[in-house]
Each structure stands twice: as structure tokens, then as C-alpha cells.
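The following paragraphs lead the reader through one structure, from its overall surface to individual sites.

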Amino acid sequence: MLFSPLAWSQHWAETHEHEPPAASRRVALRRFAGPASYVGKMDPMRVAHLTDLHVGRVTPFAIQREAQALVNAQNPDLVLVTGDFVCHSQLYLDQLTQLMSGFHAPVVAVLGNHDYWAGAEEVCQALRRAGVEILRNQHTTLTVRGQAIQIVGLDDAYTGHARHDKAVAGLRRDLPVLALSHIAEEADLLWPRGIPLVLSGHTHGGQITLARLHEITLGKIGGHKYVHGLYGSRQANDNAGAVYVSAGIGAAVMPLRIGARGKREVTIFELGVAPGEFSEPQGEQRALPGREVSAAKLKRRMAKVARRRDQRANRRTQRMPAVR
Ligand SMILES: [Fe+2]
């Protein structure tokens, strides 16, 4: 479908007609255009991106609600969430279901490392009870106001669950596509498969971003190429693309957020609209050098997931009444 400025302005007017003032003291709202390759090939579509909710003890539920209100006020066509729904335990899964039931648009998600540590199957059950579609190395095609879009969901790479071939098998080249991956560096392997935009989380933007501290802690020490914001290029054609790393909403250790780049965030992508059509918080940044994750490290991460699973199974067995 061809993009026309008139259709775009009508869409904007319709979706903002009854919109309450979308402002939050604690959650930033950042808005970006989609990849240039979508322009003229799809009707405008508004996507809200959330990540790292970490529903649980560390992040007040009022903040989760505030982020959700911010999303709903934007009247998005889709809500996309890139993992880390929980915070160390399964104690708050009912609260997670309650929260995820409150979005007005369809929700599609992938899992993060914390979801695997706490119990991926149980987190998925809680999300499915709320009507969330979870993509684990697979893709789905959604139709929004007559416009089809493919969403690829890569399972969590941090804990060794990402399978790129499986996730993209059967993708259509004639429909727009974007991908979700908890770990942003996986974008390097998704761009050559015809995916021009990848949405990610995991870093929390460093949480403390004064004096570019986040680039030291996450880049130099943590080995991340992509720390916060846009990287790559939205103008790219084959074999390249853009990745967005959101600072997310919650935290798993300390709730502190200092500095504009580390602020909790809801991100809006206006797909089908060309970069440069409206002002954006920042443009594409140069990637940091990054560091490959060694096979030994990945093995240790996978072992941690297995160890936690065994611990949960043992605790369940101990709680069962003895058979006489
Ligand atoms: Fe996280």
C-alpha cells in the first residue's frame, strides 16, 4: 500500500482525538519513525515498545500502571514487549497477569533471562492468561486495520535459547517485518535475514547514565555493542538495519534511575513514516566495540537456568505430603 501524507495526518488525527495528556513524571515517552524501507509499502501503524517490566518487589506496581496508562493514551495498534517480566521469583505472577490484561491493543512478547531464571513455562502461563502472544523462536502475522505485519520473536539469547533459523523460517519478503529480541546484539544476525528493525531491552539503559557511565559499565565492562537508543541505520537495505534498546520500566536489583538516558521509558514507533518527518529524541548512534560471549560463559548461563529449575522442582517435592 502506498504511503500518503494525507492518510498519515488522518491517522494521527483519529488516534489522538480523545487522547488524554500523555505525561508521566517517572516514565519518559520517546517517539521514533520506522525504517525507511517501510515507507510507501504499508499504511502507517503505531507500535508501543516496552521492556524489562520486572513485576515484583523492586519496582512499585504504581509505576507499572503509569507506564501502561502512557501506552494506552498513545492508542497504539500493537504493544510489543521484549522480556524480563519478572523479578527473581514467581511470587508476583498474578500481578503480572493483571497488568498485562490492561493493555487496550494486542500484546506480542518474547522472554528474557529473568523469565528463564524464574521459570519460563510459568511466566508464559501467566502471560497467556492475559491474552499475550509469546513468540519463542517463531514469527506471527498480525493484521491491523487491513495492514499485515510480521513479528519475529527470538527467544532469549542471554541464556542460550535463541535459534535464528527457526525464528525466521517461512518469513514472507512481500510483507513488512520487525523482530523482538531481549538481547540487542542479536540484531547483527537478524538484519541479513531481511529484518530492518529489531526492538530490544536487557540493559535498562544502564540505569545510571550521568557522565556516560552506562557506556562504561555496559559497554566496556559488560561487552555490549548496543547500550541505549537507536543503532545501525533505518535507511539500510539488504543485510543491514536498525536496533532500538529501550531503558525499560523496572529493575531487578536496585530501583535507582539517574540521568535522562536511564529514565524508565515507553517508546513509540510510527511505522510507515520516514525518518526525519518529525523530531526525535536522538538519531542512530555508532555501536560500541562490544565483546563476543565465549562458549564457556554461555554454558555457565545455561547451567544456571537448569540449576534454578532443579531447585524449584526440589522445593515442590519437599512441600508434597509424604505417602504412607
Ligand atoms: Fe532486565
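Predicted model: local features only at pLDDT ≥ 70, side-chain atom pairs only at ≥ 80, totals over all residues.

**Overall surface and fold**

Residues are numbered from 1 along each chain as its sequence is written, and side-chain values use heavy atoms, with hydrogens and water left out.

The protein contains nine helices and 12 strands, both taken as DSSP runs numbered from the N terminus (helices H or I, at least four residues; strands E, at least two). Of its 324 residues, 55% are buried, that is, under 20% relative accessible area, with exposed meaning over 50% and partly exposed in between (1.4 Å probe, protein chains only). Among contacts (heavy atoms within 4.5 Å) with a separation of 6 or more, 77% join residues 24 or more positions apart.

**The iron site**

Asp 52 (OD), His 54 (NE2), Asp 84 (OD) and His 204 (NE2) coordinate the iron ion at 2.1 to 2.3 Å. Donors are N, O and S atoms within 2.8 Å of the metal (3.2 Å for Na, K and Ca); water is not among the atoms, so sites may look incomplete. Along the chain, the donors follow the spacing D-x1-H-x29-D-x119-H. Within this set, His 54 in the loop between β2 (45-50) and α2 (61-73) and Asp 84 in the loop between β3 (78-82) and α3 (93-100) link distant parts of the chain, 30 residues apart. His 54 and Asp 84 are both buried.

Strand β7 (residues 147-154) holds Gln 150, which counts as buried because its relative accessibility is 1%. A polar atom of the Gln 150 side chain lies 2.8 Å from the backbone nitrogen of Arg 172. Leaving aside residues up to four places away in sequence, Gln 150 touches several others, including Thr 140, Leu 171, Pro 176 and Leu 178.

Helix α9 (residues 295-319) comprises 25 residues and spans 37 Å from its first C-alpha to its last, close to the expected 36 Å, where the expected span is 1.5 Å times one less than the number of residues. Arg 301, Val 305 and Arg 312 are buried in α9. The cover over the buried residues of α9 includes α4 (113-118) and α5 (120-129).

Note on methods: Polar contact = N/O pair within 3.5 Å; in protein donor to acceptor, adjacent residues only side chain to side chain.
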